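Please walk through this structure with the text below. Keep the sequence and the model side by side.

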Amino acid sequence: MTGPAETLAKIFVPIFVVCLLIVLWQVGVWVSGVPQYILPGPIAIAGALFKDWGTLSPALWVTTKITLMSLGLALLGGVGIAVALVQSKWIEIAFYPITVILQVTPVVAIAPLILIYSPSTQVALLICAFLVAFFPILSNMVQGLKSVDHNLLNLFDLYGASRWQTLLYLKLPASLPYFMTGLRIGGGLALIAAVVAEFAAGSAGAGSGLAFRLLEAQFRLNIPRLFAALSLLSCLGVVIFAITSFISWLALHRWHESSLKREN
């Protein structure tokens with residue numbers, strides 16, 4: 001298979017499979033006669049999405065905003081703290097366990113405390129999402145900075161490079177694949193954490209996200225709207241993964257083995 005044909009196949013084969021599954025889902029609902037309040041079909045979900053778009057779209061924007069802001073903060077904090085940790089073995093020994101403690105503590109357990117001490121519910125949701133997305137980026141970045149080829153480190157020492165020159169021209173470029181892995185993981189976790197944090201916070205009203213709309217639809221037994229909100233969350237997750245994967249490809253496809261195409 002040639003290059004363009006292979007690229008088109010990679011795009012259209014998954015789309016075809018997803019469309020086939022949706023058609024089978026709709027046919028199964030028709031044949032079985034399942035009521036919409038138990039399992040709505042794709043047509044009913046699309047109708048609910050169109051009908052309730054005025055309610056769901058602001059919630060989608062709130063969830064998207066919290067997810068992207070928490071991911072941005074996690075990137076800044078994860079990279080910055082990772083660089084600080086690898087500068088000294090004693091700094092890493094002293095502070096790395098604290099980051100592990102923050103990671104292994106369930107965000108649902110500490111969400112009530114964050115809500116108490118935060119100035120607003122939106123800030124609390126942002127902090128919860130940040131805590132979940134932060135550690136994968138930090139962990140991958142630390143691993144990348146510590147995985148630099150020792151021969152290259154010796155070469156930089158031989159030519160008298162300073163610590164910051166070694167960091168800027170060797171360690172950071174060498175850790176880029178690890179950073180991109182953390183970015184892809186952190187993007188998905190930021191969305192999950194934003195939804196879970198909203199569940200835990202029990203936020204409601206005009207400024208609430210899709211998590212509240214899910215709960216609202218469940219309480220009202222409006223199952224088509226529930227599935228519509230869930231489909232929006234899934235689409236948002238797919239878009240975030242696609243964007244982070246594309247960024248990773250742009251950064252690595254010219255030189256790293258994980259993205260280079262084999263000739264044989």
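**Overall layout**

Of the protein's 264 residues, 36% count as buried. Buried here means under 20% relative accessible area, exposed means over 50%, and partly exposed lies in between (1.4 Å probe, protein chains only). The model is predicted, so local features need pLDDT of at least 70 and side-chain atom pairs count only at pLDDT 80 or more, while totals for chains, interfaces and linings use all residues. Residues are numbered from 1 along each chain as its sequence is written, and side-chain values use heavy atoms, with hydrogens and water left out.

The protein has eleven helices and zero strands. Helices (H or I, at least four residues) and strands (E, at least two) are DSSP runs, numbered from the N terminus. Along the sequence the pattern reads α-α-α-α-α-α-α-α-α-α-α. The C-alpha atoms fill a box of roughly 75 × 60 × 25 Å, taken along the principal axes.

Start with helix α1, residues 3-32, where valine 13 lies. Valine 13 counts as partly exposed because its relative accessibility is 48%.

**The largest pocket**

Now turn to the largest pocket, which holds about 440 Å³ of space. Of the 13 residues that line this pocket, Val18, Ile22, Ser231, Ser234 and Cys235 are the closest to its centre. The elements that give two or more residues to the lining are α1, α2 (42-51) and α11 (223-252). Helix α11 provides the largest share, six residues.

The pocket rests on a 1 Å grid over the protein atoms alone: a pocket is an open set of points with protein on both sides within 12 Å along at least five of seven lines, a cavity is a set where a 1.4 Å probe fits but cannot get out, and lining residues have an atom within 4 Å of a point. Grid points are joined across faces, edges and corners, and a volume is the space filled by probe spheres set on the points.

**The salt-bridge network**

A salt bridge is a side-chain nitrogen of Lys or Arg within 4 Å of a carboxyl oxygen of Asp or Glu. By this rule the count comes to four. Asp52, Arg213, Glu216, Arg220 and Arg225 are linked in a network of salt bridges.

Look at glutamate 216. Arginine 213 forms a salt bridge with glutamate 216, with the closest N and O atoms 3.0 Å apart. Arginine 213 and glutamate 216 are three residues apart in helix α10, so about one helical turn separates them. Arginine 213 is buried, with a relative accessible area of 12%. Glutamate 216 also counts as buried, at 12% relative accessibility.

Arginine 220 meets glutamate 216 in a salt bridge too (3.4 Å, N to O). Is arginine 220 buried or exposed? Arginine 220 counts as exposed, because its relative accessibility is 59%. Arginine 225 forms a further salt bridge with glutamate 216 (3.4 Å, N to O). Both arginine 225 and glutamate 216 are buried.

Leucine 221 sits in the loop between α10 (210-219) and α11. Its phi is positive, about 55°, although leucine 221 is not a glycine. Most residues other than glycine have a negative phi. Leucine 221 counts as exposed, at 62% relative accessibility.

Leucine 102 lies in helix α4, residues 89-104. Leucine 102 is partly exposed, with a relative accessible area of 42%.

Leucine 138 lies in helix α6, residues 121-146. Leucine 138 is buried, with a relative accessible area of 0%.
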